[in-house]
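Trainee: I have a model open and want to learn to read it. Where do we start?

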Amino acid sequence: MEQQKPMFAFIGSYAEANTPSIYSCAYDEKTGSLQLLHQVEGLKNPTFLEVHGEQARLYAITESVNEEGHKCGAAAAFAINPSTGEMSLINKEITLPATTCHIALDHTNANAIVASYHGGMVGVSPILEDGRIGATADIKQHEGSSVLPVQSQPRAHSVFIDANNRYAAACDLGADKLVIYKLDAENHRLIPHGTTEVAPGSGPRHFAFHPSKPYGYVINELGSTVMAFHYDAEQGTLEHFHTISTLPEGFEGENGTADIHISNDGRFLYGSNRGHDSIVVYAIDEATGKLQVVEYASTLGGHPRNFGLSPDNRFVLVANRDGNNIVTFARDEATGKLTATGSELSVSKPVCIKFSTLG
């Protein structure tokens, strides 16, 4: 009988180059708890990560300085020891002429796709056979603006790839639109395909494709809403049909949403509120794709920037940037509700959490 591979969790954070910034942890699948194994220094603000489990590689955004001395985006590749979780740097490569906030691997693991909030652009870097990040192969500059002061320019916040690896949806918070690209994975290119506008002042931040139904959902940072779309996987188009608030009625404080995830069974959607400091839980109507609020679960820490559902979906781990903690919640498979387990891991300014087995 083949021994089950251990599950790891990897955490990206806000950090200076001379402080710990990426953490590897042992993840206990029975309790949802984390045990810190290893941490790396030498990177500034490696806030977002991707893991290629089969090759035991980790990819992180970071910051660098170009030949002219200007701050720019970069990505770092690490080899991970499948036994110990220890991470060792393979290489670091400049990606975009402006700092980045998100990285995604396409489903062939041949491309790292990054987004720049400050530059309003997205880019593609090939992943080479030895795991290194190659020189940038494609950059697409977004255009447009919207109604709020922060929306005076395009602000690409993230890129998410559909299940068929054919299309990529880029969330542009500044231009209030989703930019759809056709992904040419073999040639490391994003081909402009179309745009879908959202309500002015919404500020789309992160997107989630439904795992089995033709739906897609965007969480809007500035408007504190989730918008639902019909997704045509053949045509690569999104058609809006439903909008719902992420906040309880009567809440009057400041809030900005952050992350969005759907359970593996497609029955529940989760979004994070920074300000209200909660995870909003929605039930997804399988027939219509519409959302209904189940609960607002306190994240037990400030500014829940990102969170992750464990691979088996039994737990949700929330990264509270201002709480300096990762809090574990047990997830009820039948109701979608979250209950704090009492397990927390203290790390400085955590942002992103990714789970993976290795090798």
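Mentor: With the radius of gyration. This is a predicted model. A compact globule of 359 residues would have a radius of gyration near 21 Å. The protein has 19 Å, which agrees.

Trainee: What does the C-alpha trace span along its principal axes?

Mentor: About 45 × 45 × 40 Å.

Trainee: How many helices and how many strands are there in the protein?

Mentor: Count the runs of each kind. Here there are 0 helices and 28 strands.

Trainee: And burial? What share of the residues counts as buried?

Mentor: Buried means under 20% relative accessible area. By that cut-off, 57% of the 359 residues count as buried. The accessible surface of the protein comes to about 14700 Å². Carbon and sulfur atoms hold 46% of that surface.

Trainee: Show me one residue. Where does A98 lie?

Mentor: In the loop between β7 (87-96) and β8 (102-105).

Trainee: Is A98 buried or exposed?

Mentor: Compare its value with the cut-off. A98 has 12% relative accessibility, so this residue counts as buried.

Trainee: Which residues is A98 in contact with, leaving aside neighbours within four places in sequence?

Mentor: K71, C72, G73, S116, H118 and G119. For the protein, take contacts with a separation of 6 or more: residues 24 or more positions apart account for 49% of them.

Definitions and conventions
Residues are numbered from 1 along each chain as its sequence is written. This is a predicted model: local features need pLDDT of at least 70, side-chain atom pairs count only at pLDDT 80 or more; totals for chains, interfaces and linings use all residues. Side-chain values use heavy atoms; hydrogens and water are left out. Helices (H or I, at least four residues) and strands (E, at least two) are DSSP runs, numbered from the N terminus. Buried means under 20% relative accessible area, exposed over 50%, partly exposed in between (1.4 Å probe, protein chains only). Contact means heavy atoms within 4.5 Å. The radius of gyration is taken over C-alpha atoms; the globule rule is 2.2 Å times the number of residues to the power 0.38. Accessible areas come from the Shrake-Rupley method with a 1.4 Å probe; for residues, only the protein chains shown count as cover.
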